[in-house]
Amino acid sequence: MKIIPISVPTPFYIGPVNVYLIADDPVTLIDTGPKTKEAVEALRDGLRKHGFRMSDVRRIILTHAHEDHCGLAKKVRDEAKDAEILVHGWETGHKVGRLEYEEHRELLLRAGVPDEELQSMRRMYEGVRAFADALEDDEHSEIVDMEELQFNTGSLRVVHTPGHTPGSCSFFREADRTILAGDCVLKRITPNPVLSPDPVDPKRRFRSLAEYLVSLARLRSLAPTLVLGGHGEPVNDYEELFHRYIRAINQRQKSVIDLIPKTGATAWEISRAMFPDASDVHRFLAISEAVAHLDYAHTEGRLALELSNDREIFRRA
């Protein structure tokens, strides 16, 4: 069961995405890259280099449904004559009936984002959506935690690792303790806990950072020897990276709490204090980061939370 990385360019600040070809029966892609001409060409070239064509792909597995990872899923599926697409049920970004901007808008309003910023974020949202083809419900199937995905010479176990998104999944090859982790584990950056509606109750906010910490610990319990992430180089020492992540998260927690004045602050105000130079999509990522840390500090009893004029105000406990 050979796992072959294929680097695919993206138009996003994160840079190239790692698509993984499982050169076994059924021929499988884990993630696809974004819907761009350059990505299609790179994916074709990567497959051809290892003796495959797009039409050979029988299965597409999505670690999560961000456009840089899922954008070409429908094109590959159609060109490969109805290859199966698999994704966790808590993901929505790939769906025709996805959770739309309105659910995010309510969460952003509650976080204190001004109206003019909401309009800017909506334009950004629509622009990013152009990098993926949406899928009808009958064009994909759901994977579930601990499911075994069988190949001719081995298997991958689904490990639900929410945090970056609610439905993010990693895939564990038990034979040599290799994990394909999507954006849950990245060697050089800490993944953003993206602001998302709760998949069970979209009126609530998904507690992304608390879930992410559980996911990191769960991967640690598998004692991986190699972690293949969605961007950048492989991770050969997950234990060291785990502790680095925990230190970084704890340091960010302290800095977020220190930014809160005696009068309290909204998540938007904290995000601007944290990242004053953020622009474009980075403003959405900044508010995601701030909300995630404020929610976690509130859950841990470090902050108090009150509602004022439909805006959440965080205060030091």
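Predicted model: local features only at pLDDT ≥ 70, side-chain atom pairs only at ≥ 80, totals over all residues.
**Entry 1**

Residues are numbered from 1 along each chain as its sequence is written, and side-chain values use heavy atoms, without hydrogens and water.

I read α7 as residues 238-259 and α8 as residues 267-274, packed at about 115° with axes 10 Å apart. Helices (H or I, at least four residues) and strands (E, at least two) are DSSP runs numbered from the N terminus. Axes are lines fitted to C-alpha atoms, for helices over the stretch in contact, and angles run from 0 to 180 degrees between N-to-C directions. The two helices are therefore roughly perpendicular (65 to 115 degrees; under 35 is roughly parallel, over 145 roughly antiparallel, the rest oblique).

I listed the residues in contact (heavy atoms within 4.5 Å): R252, V256 and L259 of α7 meet I270, A273 and M274 of α8.

**Entry 2: α6 and α7**

I then checked helix α6, residues 208-221, whose axis comes within 10 Å of that of α7 and crosses it at roughly 160°. α6 and α7 are therefore roughly antiparallel. Here the crossing is left-handed. Among the residues in this contact I noted L213 and L216 of α6, and F242 and I249 of α7.

**Entry 3: the sheet**

I traced an open sheet of six strands in the order β1-β2-β3-β4-β5-β6, with mixed pairing (two strands pair if DSSP finds at least two bridges between them). β1 (2-8) and β6 (141-143) are at the edges with a single partner strand each, so one side of each has no neighbour in the sheet. The twist from one strand to the next averages 25°.

I found β3 (residues 28-30) running parallel to β4 (residues 59-61), joined by three bridges. L29 has I60 as its bridge partner in β4. Helix α1 (residues 37-49) packs on the sheet and touches β1, β2 (17-23) and β3, its direction making about 150° with that of β1.

**Entry 4: aromatic pairs**

I counted three aromatic pairs (ring centres of Phe, Tyr or Trp, its six-membered ring, within 6.5 Å; planes under 30 degrees apart are stacked, over 60 edge-to-face, the rest tilted). The ring centres of F12 and F131 lie 5.3 Å apart with planes at 75°, so this pair is edge-to-face. F12 is in the loop between β1 and β2 and F131 in the loop between α5 (115-129) and β6, 119 residues apart.

Technical notes:
Left-handed = near helix turned anticlockwise from the far one by under 90°.
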